[in-house]
Amino acid sequence: MRLVRGALRAWRDSFDCGGRSVAMWFPGHMAKGLRQMKGKLQKVDCLVEVHDARIPFSGRNPVFQEALGVRPHLLLLNKMDLADLKEKSRILEQLKQEGLKNVIFTDCEREENIKENVEYCIMVIGVPNVGKSSLINALRRLHLKKGKASQVGGEPGITKAVLTKIQVSERPVMYLIDTPGVLSPRIGSVETGLKLALCGTIRDYLVGEDVMADYLLYNLNKHQLFKYVERYGLDAPCDDIESVLKRVALKLGKTRKVKVLTGTGDVNVIAPDYNAAGYEFVRTFRKGELGKVMLD
Ligand SMILES: Nc1nc2c(ncn2[C@@H]2O[C@H](COP(=O)(O)OP(=O)(O)OP(=O)(O)O)[C@@H](O)[C@H]2O)c(=O)[nH]1
Ligand SMILES: [Mg+2]
């Protein structure tokens with residue numbers, strides 16, 4: 001009942017990025033990766049661009065189209081298990097208007113959702129941490145029953161160079177080329193940057209855990225995803241990040257003892273560790289435990 005009342009409350013309907021600017025989010029290995037990708041293009045029949053299904057429109061790299069657009073292009077929206085796809089047809093229609101007709105949704109943590117490809121040598125491209133290497137490993141496991149060929153990890157920048165081709169199927173013989181995630185050198189807006197950061201595509205410290213946690217809270221409330229209320233023992237949904245992180249910190253024991261000097265002597269007070277709480281909040285969201293989202 002409390003939740004329903006909360007849901008009728010007015011939440012922020014836009015997010016104040018507080019005068020932040022789009023920081024330098026384009027490390028050197030990405031420029032090198034893009035050069036290597038162009039160099040391999042002659043041997044490639046088709047491109048598979050992997051992107052995060054929670055942000056089908058935000059943060060895709062236009063440079064891929066400019067530099068590699070001479071090959072057929074398939075857009076694979078991965079991590080569908082974390083995305084709210086109620087409006088899938090709207091998303092597909094809008095992508096079609098942008099010229100993207102070949103779009104499939106996948107979940108690389110569960111193999112049955114991986115569609116079969118019929119090409120021979122395919123380059124897998126996309127922004128960091130969307131699941132390019134996971135896709136290659138999952139296809140190889142599925143078709144060849146073979147173990148991991150490409151390293152996977154929960155942080156952006158795991159694959160640092162264009163790898164040699166990896167076989168993923170026997171009939172037809174098919175190879176995939178794994179590539180490093182390459183971010184757009186021109187990220188449109190701070191909000192796009194925040195979406196990319198929440199999806200784990202940009203390193204957290206470049207954006208700041210505090211603003212990411214606040215942007216997450218803004219999104220959860222906007223979409224009335226109130227799982228966080230019960231999980232962290234709040235009385236009702238709340239749009240104030242400091243109050244929420246305080247509850248997160250107390251619930252998870254992320255607190256520090258701080259000595260406070262008063263007129264009558266020193267006292268120890270328990271102070272919440274807001275940074276640690278913010279990190280936990282975002283990490284829990286990334287695992288899908290605060291609900292499925294659509295950030296675009
Ligand atoms: N929930 C969910 N997680 C996924 C899925 N696919 C990949 N992941 C996770 O996403 C993270 C990134 O996966 P990678 O395969 O390393 O991503 P990448 O695109 O190769 O990343 P870079 O090499 O850094 O560009 C890992 O923690 C994977 O376990 C998926 O379909 N669903
Ligand atoms: Mg990788």
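Student: A pocket is an open set of points, on a 1 Å grid over the protein atoms alone, where a 1.4 Å probe fits, with protein on both sides within 12 Å along at least five of seven lines. What volume does the largest pocket have?

Tutor: About 860 Å³, a volume being the space filled by probe spheres set on the points, which are joined across faces, edges and corners. This is a predicted model, in which local features need pLDDT of at least 70 and side-chain atom pairs pLDDT 80 or more, while totals for chains, interfaces and linings use all residues. Residues are numbered from 1 along each chain, chains are lettered from A and ligands numbered from 1 as written, and side-chain values use heavy atoms without hydrogens or water.

Student: How many residues line the largest pocket, and which lie nearest its centre?

Tutor: The lining (residues with an atom within 4 Å of a point) comprises 37 residues, with Lys-79, Asn-129, Gly-153, Gly-154 and Glu-155 nearest the centre. By type, 11 are nonpolar, 13 polar and 13 charged, Gly counting as polar.

Student: And what lines the second largest pocket?

Tutor: That pocket, of about 160 Å³, is lined by Arg-60, Gln-65, His-73, Glu-98, Gly-99, Leu-100, Lys-101 and Asn-102. One is nonpolar, four are polar and three charged.

Student: Turning to ligand 1, which residues come nearest?

Tutor: Asp-81, Cys-108, Lys-132, Ser-134 and Gly-157, out of 23 residues around ligand 1 (a heavy atom within 4 Å).

Student: How much of ligand 1 does the protein bury?

Tutor: The protein buries 90% of the 670 Å² that ligand 1 exposes when taken alone (Shrake-Rupley method, 1.4 Å probe).
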